[in-house]
2 protein chains.
Amino acid sequence: MTEPLFGRIALIGAGLIGGSIARRARESGTLAREVVVSARSPETLRRVRELGFADRVEEDPAEAVKGAGLVILCVPVGAFAGVMARIAPHLEPGAILSDVGSTKGSVVRDLQPLCPPGVHLVPAHPMAGTEYSGPDAGFATLFEGRYCIVTPLPGTDPAAVETLREFWRRCGSMVESMDPVTHDKVVAIVSHLPHLIAFTICGTADDLGEETREGVLKFAASGFRDFTRIAASDVAMWRDVFLNNREAVLEMLARFTEDAQAFGRAIRRGEEEFIVDRIRRGRKIRRSLIERKQA
Amino acid sequence: MTEPLFGRIALIGAGLIGGSIARRARESGTLAREVVVSARSPETLRRVRELGFADRVEEDPAEAVKGAGLVILCVPVGAFAGVMARIAPHLEPGAILSDVGSTKGSVVRDLQPLCPPGVHLVPAHPMAGTEYSGPDAGFATLFEGRYCIVTPLPGTDPAAVETLREFWRRCGSMVESMDPVTHDKVVAIVSHLPHLIAFTICGTADDLGEETREGVLKFAASGFRDFTRIAASDVAMWRDVFLNNREAVLEMLARFTEDAQAFGRAIRRGEEEFIVDRIRRGRKIRRSLIERKQA
């Protein structure tokens, strides 16, 4: 049997992602001998105990990280600086410090300055999720067949990076490396901007007059349903994503807005060729996605 | 056994919708005794003959409508004025003239002036579709459990309206009535604007630098995949929708753009409360949709 990669791992946060890592570790046996989970709210702590996917549950994250060979921050990225201040003095020399945040520049900004010598900071972003959140939402196969992007910093111990990559492979993920800046731009256009749009269009519809709004709710066609599906996400997580990937999200929003305005202008002026070209480009990208089996 | 509603029906256009109506009529036996199909392109005509879902295939729409108790235009709405000029002199007195277009103001504009006395114009919009198009894409159950919105004009014979409503009920649809102006606003926000956004964001991504674009294609998260799914639609149909529901689409685009800019401004200024409020509103609308069993 494959030996576990770690003796003890500590998960700070027990929502969809943290709860899924814990379940995976318990089921596979090849990730860690012991899973320690910490969470901030009393309700989450109580629920994690009831669900039983942790070997030990700690209210204090500083207690949770003691003796852990791998610590993964699984809280919204806006809480990273505060958590790091609490746990930094208690991290084990030689331990790997990682995370699952959707932004990577902010993670480096918030964790690196406090990272003790001998602790290996290796940020990561498993690109998996559902529209549900909280400790009940996790499941052991969440990461299977999904990408996990690792964004190591120059100079990080290659052995530590490889160990974390192996951890995610054993979770079932396809592991890729990227620098944090490119990562933040890519997720801004493939995930953060689409969510911003989805949250916005729901509000736009809600602001319409009574008669139209009634029709919206009744006749929501598939287009609008797709928007609202991705709009049913964790509030704190998305608030922190927007605030911590600000530059990339604003850049992509500006580019998108210019393009949408150009589309609107073509509609107003009846420019068929422009409109047809936009529709064709959408289909072209769609085909690229299908060819890459991401669709 | 239920008697067929019509002796002969004529479908002008044999794409996803026209092909589905024809198949439904052939399978159910309660819609019409005879289904005549006309299409513009030689390839479509040939394919309709091969697929065998029409009792008769006519190249000339004027021939197709002769003797039909119900004529349904199933071509992109931009072709309505041209088709109407061809068929108007040949419509049977007492016949119902209807359509399946996604815009209703333009349909009234293009069909009503040429509608002969004694022919009942009853526009309709079955809210059903897939991401596929063409004569091969149709299937008999496409309309089951989906809304069909009928937008009769004031003064139209109530018996003709009720006959068309019954036709759609027998296709499996839930039939609702609405005035054309409200219809066009509702579909602008639930369907046309989401498609405009989807087409646009594909182009925005395609315009990014090489490194980022490569990441986009590789790591397309579910958010962006949803956009590209709805972007894989019929080019001519969508071109005509945007050009023929211009005022409502531009109004909704303007409202949405203002709201998206306000969201961006809140991100730039770090206004947490505003961001959280937008996310919560998205979730609220999502819940409304689920409660209405439209999700």
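I began with what covers the buried residues of α1(A), and found that the cover includes β1 (6-12), β2 (32-38), β4 (70-73) and β7 (124-126) of chain A. I note here that the model is predicted.

Next I looked up the helix itself. Helix α1 of chain A runs over residues 16-28 and has 13 residues. From its first C-alpha to its last it reaches 18 Å, close to the 18 Å expected at 1.5 Å a residue.

I then asked which residues of α1(A) are buried. I counted a residue as buried if 20 or more other C-beta atoms lie within 10 Å of its own. The list is Leu16(A), Ile17(A), Gly18(A), Gly19(A), Ser20(A), Ile21(A), Ala22(A), Arg23(A), Arg24(A) and Ala25(A). Because 10 of the 13 residues are buried, I wrote down α1(A) as largely enclosed by the rest of the structure. Just after α1(A) I came to Gly29(A), where phi is positive, at about 75 degrees.

**Domains of chain A**

I looked up the domain assignment of chain A, which gives domain 1 (6-178) and domain 2 (182-291). The C-alpha centres of domain 1 and domain 2 of chain A lie 31 Å apart. To their contact, domain 1 of chain A gives 15 residues and domain 2 of chain A gives 17 residues.

**Chain B against chain A**

I turned to the two chains and asked how many residues the contact takes from each. It takes 80 residues from chain B and 80 residues from chain A. On the side of chain B that touches chain A, the elements giving two or more residues are β8 (147-150), α7 (180-206), α8 (210-219), α9 (222-230), α10 (235-244), α11 (246-269) and α12 (272-291) of chain B. Of these, α7(B) gives the most, with 19 residues.

Do the copies meet through the same surface or through different ones? I found that 100% of the interface residues of chain B are also interface residues in chain A, so the copies meet through the same surface.

Last, I looked up how chain B is laid on chain A: a turn of 180 degrees and a shift of 0.0 Å along the axis do it, with an RMSD of 0.0 Å. I recorded that as the relation of a two-fold axis.

Definitions and conventions: Residues are numbered from 1 along each chain as its sequence is written. Chains are lettered from A and ligands numbered from 1 in the order in which they are written. This is a predicted model: local features need pLDDT of at least 70, side-chain atom pairs count only at pLDDT 80 or more; totals for chains, interfaces and linings use all residues. Helices (H or I, at least four residues) and strands (E, at least two) are DSSP runs, numbered from the N terminus. The expected span of a helix is 1.5 Å times one less than its number of residues. A residue is buried if 20 or more other C-beta atoms lie within 10 Å of its own, exposed if 12 or fewer, and partly exposed in between; C-beta atoms are placed from the backbone. Two residues are in contact if their C-beta atoms, placed from the backbone, lie within 7 Å. Copies are superposed by least squares on the C-alpha atoms of residues with pLDDT of at least 70 in both. Domain bounds come from an automatic or database domain assignment.
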